[in-house]
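Student: I'm new to this structure. Please take me through it piece by piece.

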Amino acid sequence: QADMLHELNSRLQTAYVAIEDCSDGLAYSHLVNLAHPNGVPVESLNYEAVSVEDNFRNLTILQTAMDEIGLGKRVPIRLLAQGDSDAHQIFLRWCLDHCGTGAGDDAAHGSSVSCCRKLARRVHPLEKDITKRLAMQKLLIDEVSSLEEERQFYWCKISALSAVARSGRQGSGLLLALLGAREAQ
């Protein structure tokens, strides 16, 4: 599996970490385009795919293009879209074998190589989610810190009022009543 990922990343100039990252169908579409320039309409693909439905649409576009090219290979769309590791291994192996030696020069492969570069720059959806969560966590930490400061401020005020109330000075009975304590008789 690591060898296939290395070969995929080498051919497409990408940085896939796990085979399941190919669930969006982008890598497979670009691999097919390496062997059949402009065979897959990569401009129709969703480069921001984050859901199984998005993946399904991209893989359906790939299947349609493969049918039109006449490849005769069925894309296990549902399994790939859901991230099935075994299905990805089998289909990626087929794509790598089918695509021969790779891209060659940009002119020979139309927009495929430039789209591969776009794919390489694409931020993985999980990375976006992690970034959002980290920002949210920072906001929550700041809010908790602010609330702790406010709690400490009021705790000091209540402690001071309590000390005055317990001292027996004039008006301490009112303070004790406000604080919910009983006056010493």
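Student: What joins the side chains of Arg 11 and Glu 7?

Tutor: A polar contact of 2.4 Å joins them. A polar contact is a pair of N or O atoms within 3.5 Å; within protein, one must be able to donate a hydrogen and the other to accept it, and residues adjacent in sequence count only if both atoms are side-chain atoms.

Student: What kind of model is this?

Tutor: This is a predicted model, where local features need pLDDT of at least 70, side-chain atom pairs count only at pLDDT 80 or more, and totals for chains, interfaces and linings use all residues. Residues are numbered from 1 along each chain as its sequence is written, and side-chain values use heavy atoms, with hydrogens and water left out.

Student: Back to Arg 11. Is Arg 11 buried or exposed?

Tutor: Buried, because its relative accessible area is 14%. Buried means under 20% relative accessible area, exposed over 50%, and partly exposed in between (1.4 Å probe, protein chains only). Arg 11 sits in helix H1. Helices (H or I, at least four residues) and strands (E, at least two) are DSSP runs, numbered from the N terminus.

Student: Which residues of H1 are buried?

Tutor: Met 4, Leu 5, Leu 8, Asn 9, Arg 11 and Leu 12. They fall within an arc of 165 degrees seen down the axis, so they line one face of H1. The arc is that of the directions from the helix axis to the C-beta atoms.

Student: Why do residues three or four places apart point the same way in an α-helix?

Tutor: Because an α-helix has 3.6 residues a turn.

Student: What does the face of H1 turned away from its buried side carry?

Tutor: The exposed residues Ala 2, Asp 3, His 6 and Ser 10.

Student: And which residue follows H1?

Tutor: Gln 13, with a positive phi near 55 degrees. It is a residue other than glycine. Most residues other than glycine have a negative phi. Gln 13 belongs to the loop between H1 and H2, and counts as partly exposed at 43% relative accessibility. Asn 38 is not a glycine either, and has a positive phi of about 60 degrees. Asn 38 is in the loop between H2 and H3.

Student: Zooming out, how many helices and strands does the chain have?

Tutor: Eight helices and zero strands. Of its 185 residues, 35% count as buried. The chain exposes about 11400 Å², with carbon and sulfur atoms supplying 56%. That area comes from the Shrake-Rupley method with a 1.4 Å probe; for residues, only the protein chains shown count as cover.

Student: Now H5. What span does H5 have?

Tutor: H5 takes in residues 85-98 and reaches 20 Å from first C-alpha to last, close to the 20 Å expected. The expected span is 1.5 Å times one less than the number of residues.

Student: Which residues of H5 are buried?

Tutor: Ala 87, His 88, Phe 91, Leu 92, Cys 95 and Leu 96. They cover an arc of only 150 degrees around the axis, which puts them on the same side of H5. The face turned away carries the exposed residues Asp 86, Ile 90 and Asp 97.

Student: What covers the buried residues of H5?

Tutor: The cover includes H1, H2, H3 and H4. H5 in turn is among the elements covering the buried residues of H3.

Student: Where is Ala 81 found?

Tutor: In helix H4. Ala 81 is buried, at 2% relative accessibility. It touches Ser 23, Val 52, Asn 55, Phe 56 and Leu 59, not counting residues up to four places away in sequence. Contact means heavy atoms within 4.5 Å. The C-alpha atoms of Ala 81 and Asp 24 are 6.5 Å apart, though the two residues are 57 residues apart along the chain.
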